[in-house]
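Subject: Structure handover

Hello,

Here is the structure I promised to pass on. Please open it first, then read my notes below with it on screen.

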Amino acid sequence: MKKLSMITGLASAFALAALPALAQDAEVVEAVVETIDSGDTAWMLMSTALVAFMIFPGIALFYSGLVRAKSALSLIVQTALIACTVMVIWVVYGYSFAFGPSEGMFFGGFGKVFLSGVGADSLSGTIPEYLFIAFQMTFAALTPALIIGGFVERVKLSGAVLFCALWVTFVYFPIAHMAWGGGLFGTWGVMDFAGGTVVHINAGIAALVGAYVIGPRIGLGKDLMAPHSLPLTFIGTSILFVGWFGFNAGSAAAADGSASLAMLNTFTATAGATLAWCLVETLTRGKASALGACSGVIAGLVAVTPAAGFVGPVGAIFLGAIGSIISFFFVAVVKNKFGYDDSLDVFGIHGVAGFVGAILTGVFAAPSLGGVGFEEGVTMGAQVWVQIKSVAVTIVWGVVVSFILYKITDVIVGLRVSADDERQGLDQTSHGESAYHL
């Protein structure tokens, strides 16, 4: 009994001595756990799903309804295969190139190729790094899918996929690194909340270059090329609108006030833009069209993307309306004046509204206009100049590199289908299917 008491006493003394160390370990574990915010993680999981929803069915149905029935399926297949190709590229080297550990101005480096060093316990702020990778992957997959709207009904599937694979490598990833990965735009203090330069200007410029390089559709200006299904386009527009809340509010990377502001601004800017487009259409053509309403929705969503977390809700209305009116002018006047066949107005809406949104973010972010303000010591004029510089770099980079990549793609697999295939329609000639059997 005496021995038992002695052993018990020694055990108690050892336990008491060990308590400070155990308490310290517990504090370390608790500190690690606390860096993962379950609310932020849940919201980012939802946001990632919403942006994925924008690709297919969103973009796929939106574009499919805008083309003639004989090529409706080709848009769905191109969208799906391009997105899937980029998803594979993203985890192999895209994430590293855009968000790698390199401190370069244009390139994230090879440090996270094949997601090297990333595990289930890796963090990005208050969310798992795997989740951040997935969220940014949806942006990378969505952006090149937008480009194909500039040259629908006349491009080979292989050409579209190869070009987009090259384009994300040499255009998207560098611009993403400049804006969000600690590169050039970040050092300048550019305000791009959810991708005005990275997504919309980038895609719009590539589509415009493609329209010039590939040339217009056969029969443009002679044959009827009206959308074959505006209800389908409206469904796609609606999906894009809903998905855009993940796109914009998700870019806060947290379930907080910034995300809430971005969500509200997405509503108000889109409303202002849609009303503005329909009003201008009524004044110039006598009627507001369903296609115009859909175009206004997209113009507003695009215009507010770079500004979503920086401007006030009322400022967002004006921003969306201005972007919509200028986009209408490019779609209705400029495109006809210069004769380029940007078939689904990727440049006219995404590119132009992207320009407007990126530059005017520097205006409407001012506290006097309801915005969140600028960095200490930065004036409105200085911020606008920074925004203009980022737009200029994106345009120059996009024009030069996209042109080269179109030419390379044309040499390797060819870009344009034959004239006979184009006349017959890509659904049958490229896929052996028809969207409708009447």
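**What I found**

Phe185 has a relative accessibility of 0%, so Phe185 counts as buried. Keep in mind that this is a predicted model.

**The ring pairs**

Stay with Phe185 for a moment. Phe185 sits in helix H6 (residues 184-188), and so does Trp188. The two are three residues apart, which means about one helical turn separates them. How exposed is Trp188? Its relative accessibility is 28%, so Trp188 counts as partly exposed.

Phe185 and Trp188 form one of them: their ring centres are 5.8 Å apart. Their planes meet at 25 degrees, and the cut-off for stacking is under 30 degrees. The pair is therefore stacked.

Now compare another pair. The rings of Phe329 and Phe330 have centres 6.2 Å apart. Their planes are at 85 degrees, so this pair is edge-to-face. The cut-off there is over 60 degrees. Phe329 has 44% relative accessibility and counts as partly exposed. Phe330, at 23%, also counts as partly exposed.

Ring pairs also build a cluster. Its members are Trp90, Tyr93, Tyr95, Phe97, Phe99, Phe107, Phe110, Phe132, Trp167, Tyr172 and Phe173.

**The overall picture**

Zoom out next. The protein has 438 residues, and 54% of them are buried. It contains 15 helices and two strands. Its C-alpha atoms fill a box of roughly 105 × 55 × 40 Å along the principal axes.

Met44 lies in helix H2 (residues 38-66). Is Met44 buried or exposed? Its relative accessible area is 1%, so Met44 is buried.

Which residues does Met44 touch, leaving aside neighbours within four places in sequence? The list is Ile127, Leu131, Phe135, Gly250, Ala253 and Ala254. Look at Ile127 in particular. Met44 and Ile127 are 83 residues apart in sequence. In space, their C-alpha atoms are 8.0 Å apart.

Two packed helices are described by the angle between their axes and the distance between the axes.

First, H2 and H8. They pack at an angle of about 155 degrees, with axes 7 Å apart. Angles over 145 degrees count as roughly antiparallel, so H2 and H8 are roughly antiparallel to each other. Their crossing is left-handed. The residues of this contact divide into 19 nonpolar, nine polar and no charged.

Second, H8 and H9. H8 covers residues 230-249, and H9 covers residues 257-285. They pack at about 140 degrees, with axes 8 Å apart. That angle makes H8 oblique to H9. The crossing of H8 and H9 is right-handed.

Which residues meet there? From H8 come Phe241, Trp244, Phe245, Asn248 and Ala249. From H9 come Ala259, Ala262, Met263, Thr266, Phe267 and Thr270. The residues of this contact divide into eight nonpolar, three polar and no charged.

Best wishes

Technical notes
Residues are numbered from 1 along each chain as its sequence is written. This is a predicted model: local features need pLDDT of at least 70, side-chain atom pairs count only at pLDDT 80 or more; totals for chains, interfaces and linings use all residues. Side-chain values use heavy atoms; hydrogens and water are left out. Axes are lines fitted to C-alpha atoms, for helices over the stretch in contact, and angles run from 0 to 180 degrees between N-to-C directions. Helices (H or I, at least four residues) and strands (E, at least two) are DSSP runs, numbered from the N terminus. Angles under 35 degrees count as roughly parallel, over 145 as roughly antiparallel, 65 to 115 as roughly perpendicular and the rest as oblique. A crossing is left-handed if the near helix is turned anticlockwise from the far one by less than a right angle, and right-handed if clockwise. Contact means heavy atoms within 4.5 Å. Ala, Val, Leu, Ile, Met, Phe, Trp, Tyr, Cys and Pro count as nonpolar, Asp, Glu, Lys and Arg as charged, and the others, Gly among them, as polar. Rings of Phe, Tyr and Trp (its six-membered ring) pair if their centres lie within 6.5 Å; planes under 30 degrees apart count as stacked, over 60 as edge-to-face and the rest as tilted. Buried means under 20% relative accessible area, exposed over 50%, partly exposed in between (1.4 Å probe, protein chains only).
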